[in-house]
Number of protein chains: 2
Amino acid sequence: MVTLYGELENMLYEINEKALKLESEGKKIIRLNLGDPDMDTPPEIVEAAYASMKAGKTKYSSSYGEKKLREKIAEVHGVKAENVVITPGSKFAVFATMFLTLKNGGNVIIPTPYWTAYDLIAKSVGAKTKLLRTEMEDDWEINIDQLEKLVDENTKMIILNNPNNPTSKAMDTETLEYIVELADRKKITILSDEVYAAISFNKTKSILDYDSEHKHIVSNGFSKTFTMTGWRIGYLIGNKMFIDNITKLNQITFNNVPVFIQDAALKGLELHQKIASAIKAKYKERADMATTKLSAAGFKFTKPDAPFYVFPKLDDLDSERFTLDLLDKGVAVAPGTSFGDYREHFRISLTAPNDQIEVGLDKICEAAT
Amino acid sequence: MVTLYGELENMLYEINEKALKLESEGKKIIRLNLGDPDMDTPPEIVEAAYASMKAGKTKYSSSYGEKKLREKIAEVHGVKAENVVITPGSKFAVFATMFLTLKNGGNVIIPTPYWTAYDLIAKSVGAKTKLLRTEMEDDWEINIDQLEKLVDENTKMIILNNPNNPTSKAMDTETLEYIVELADRKKITILSDEVYAAISFNKTKSILDYDSEHKHIVSNGFSKTFTMTGWRIGYLIGNKMFIDNITKLNQITFNNVPVFIQDAALKGLELHQKIASAIKAKYKERADMATTKLSAAGFKFTKPDAPFYVFPKLDDLDSERFTLDLLDKGVAVAPGTSFGDYREHFRISLTAPNDQIEVGLDKICEAAT
């Protein structure tokens, strides 16, 4: 009756379901497996949502998103409001972009290690994926010759995730510049997921810095910058025709992100400086603790440019077995195989309270010896 | 670069954008064009959302939806929680169902007049639509011989909308029973959109009354019953395999409806009796006013079985012209052509304050003479 979705299985979700099950059985699990911050959404944002609900902002609204929010986002990114559309999370932004761009076939190039959803979404809309491997030993940099060789006449899209999940590595600006040049030359759309950019430890370059004509697309969201993961609000930046088309897709899917949630996100942007710097400082401290402990235990990894993730390697590690064993010891992480063919790696999310992260890191180091 | 979505144009949206534009220019428009109630969301529901946010329910959560909400919905419909999945609105529920069921091709039979979104969604996922005309003169009843003739080996789905938008007509139980028998015999999935059922003036039959094995699918939502249009929460009922597949699609699209919105919807269900009867009484009053005025002015229509819509006919009416002229006079309605080939009909939404509806109806009657 219904198409089976076997291809959407991934151990990232399996580990999470197991962790939830163990917790429901009363076991204490230190959850370092998802990019879901331990902190609460700032109270100013909660109050803004409540005020908006009480003011009756509970009706259908524009599928573009609210004018004020689009204007504020446009201001932040130096674009026009007509180049912005609001979506229920940046994941939906990626889905909508692929649904429109790849529905008539073609392939999409995805550098690995990657966020699992890119591959799953591309396959769900019937596109082929071509994986472009990067290595820790090369500082996770994309090899531009390999990329050019991978492009063929059916290549419709290149995904960039800058800074990257799971490596927390920001792209080298020369590489970024070259990829834009290649994409323009071959008429390929770049979808640049920049959801970790606003809280990266140092300012990173956006695809927008090389794309004044909006040939390419940026996806972004409020989850990470404003600790709003469960609010489900993100956005796309692109040319007007693309934004209009996404809006028509919005009209036949979710219609609009609740206006009170858009008002809450607007409050977040207004308090951006204050909120983002507090979050950055907190994660810098955690990243420093993690790198110190992991180095001492003999793990190899690149120094994170952005919050949340470390993606360490241990020679000859079977990361799926390691991850399952570690879960039995009360620590949930994600195996490297959830992000491509990275059997010797695993991903730690530094999204638990500091004392839990410390215990978790100690157990990880212990389990690896 | 991106697939054009020309096929998604519809005058329903055009009228709405024009009405919004006229309002922004300071003109007063009586808006009887959308099914968006004038009443506020009940305050108990708003307070439940706020309490949930304050309790930190602002994180990622299960793509199935919250256990308590699924259990409560299951109880309401006499099914198991494993047969229920939560979506951001019933429109997304329809999109997700069609995306999974029709992605490998096939056609879907849609009785007309229909809610525009069915046709647009089916086309967006690449399916063919076969329209099955019903007539006011037949009490909008589906002709079962015509339906059987329309079915071919590529028919994957039949859409039912019971009670119907735009006619507010509930299906005859014998017809419903026959359609289920036909669908079972031909192995076709019925998607039954029952979003107006809980507030219909008399109890209507659900597809669930004839489908103990969950061969078919029900979409439903909280928008109409609880005046929660802008909250974007709905659900699907189906067999476990279908629910599991929708959940996997949820994981790669919106992930989860915000938990505080699910908590608000749960509060709505707990107060169902109180809220739904107040809403029904209010709409019954409006429906009576509308039928009295429209009858006196010579319009033909069937008596509404459910709130919100009347779909009157006037011989030789050009409803698109009529609708545009009426908008100039300050009343927005939707032309019959937005719901299929119904040039002589138009749809009135009784979703404005009573005094506005009264003035609106008077202007409609005046314009028609």
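Visitor: In which loop of chain A does Phe308(A) lie?
Guide: The model is a predicted one. In it, phi of Phe308(A) is near 90 degrees, a positive value in a residue other than glycine. Most residues other than glycine have a negative phi. As for its place in the chain, Phe308(A) lies in the loop between α10 and β9 (309–310) of chain A.

Visitor: Is Phe308(A) buried or exposed?
Guide: The cut-off for a buried residue is 20 or more other C-beta atoms within 10 Å of its own. Phe308(A) has 24 other C-beta atoms within 10 Å, so Phe308(A) is buried.

Visitor: Is the peptide bond from Asn162(A) to Pro163(A) cis or trans?
Guide: Most peptide bonds are trans. Pro163(A) is in the loop between β5 (155–161) and α7 (173–186) of chain A. With omega near -5 degrees, the bond from Asn162(A) to Pro163(A) is cis.

Visitor: In chain B, what is omega for the peptide bond from Asn162(B) to Pro163(B)?
Guide: Pro163(B) lies in the loop between β5 (155–161) and α7 (173–186) of chain B. The bond from Asn162(B) to Pro163(B) is cis, with omega near -5 degrees.

Visitor: What relation holds between chain A and chain B?
Guide: Chain A can be laid on chain B with an RMSD of 0.0 Å.

Visitor: Which residue of chain A comes closest to the rotation axis?
Guide: 100% of the interface residues of chain A are also interface residues in chain B, so the copies meet through the same surface. Judged by C-alpha, the residue of chain A closest to the rotation axis is at 3.0 Å, and that residue is Tyr50(A).

Visitor: Within what arc do the buried residues of α3(A) fall?
Guide: In helix α3 (residues 67–77) of chain A, the buried residues are Leu69(A), Arg70(A) and Ile73(A). They line one face of the helix, because seen down the axis of α3(A) they fall within an arc of 100 degrees.

Visitor: Which residues are exposed on the other side of α3(A)?
Guide: The cover over the buried residues of α3(A) includes β2 (84–87), β8 (234–237) and α9 (259–270) of chain A. After the helix comes Gly78(A), with a positive phi near 70 degrees. On the other side of α3(A), the exposed residues are Lys67(A) and Glu75(A).

Visitor: Is the crossing of α10(A) and α12(A) left-handed or right-handed?
Guide: The axes of α10 (residues 272–296) and α12 (residues 354–367) of chain A come within 10 Å and cross at roughly 20 degrees. An angle under 35 degrees counts as roughly parallel, so α10(A) is roughly parallel to α12(A). Residues in the contact include Met289(A) of α10(A) and Leu361(A) of α12(A). The crossing is right-handed.

Visitor: How are α4(B) and α8(B) oriented to each other?
Guide: Ala96(B), Phe99(B) and Leu100(B) in α4(B) meet Asn245(B), Ile246(B) and Leu249(B) in α8(B). The two helices pack at an angle of about 105 degrees, with their axes 10 Å apart. Angles of 65 to 115 degrees count as roughly perpendicular. The orientation of α4(B) and α8(B) is therefore roughly perpendicular.

Notes
Residues numbered from 1 in each chain as written. Chains lettered and ligands numbered in written order. Predicted model: local features only at pLDDT ≥ 70, side-chain atom pairs only at ≥ 80, totals over all residues. Least-squares fit on C-alpha atoms with pLDDT ≥ 70 in both. Contact = placed C-beta atoms within 7 Å. Buried ≥ 20, exposed ≤ 12 C-beta atoms within 10 Å, placed from the backbone. Helix = DSSP H or I, 4+ residues; strand = E, 2+ residues; numbered from the N terminus. Arc of directions from axis to C-beta. Axes fitted to C-alpha atoms, helices over the stretch in contact; angles between N-to-C directions. Parallel < 35°, antiparallel > 145°, perpendicular 65-115°, else oblique. Left-handed = near helix turned anticlockwise from the far one by under 90°.
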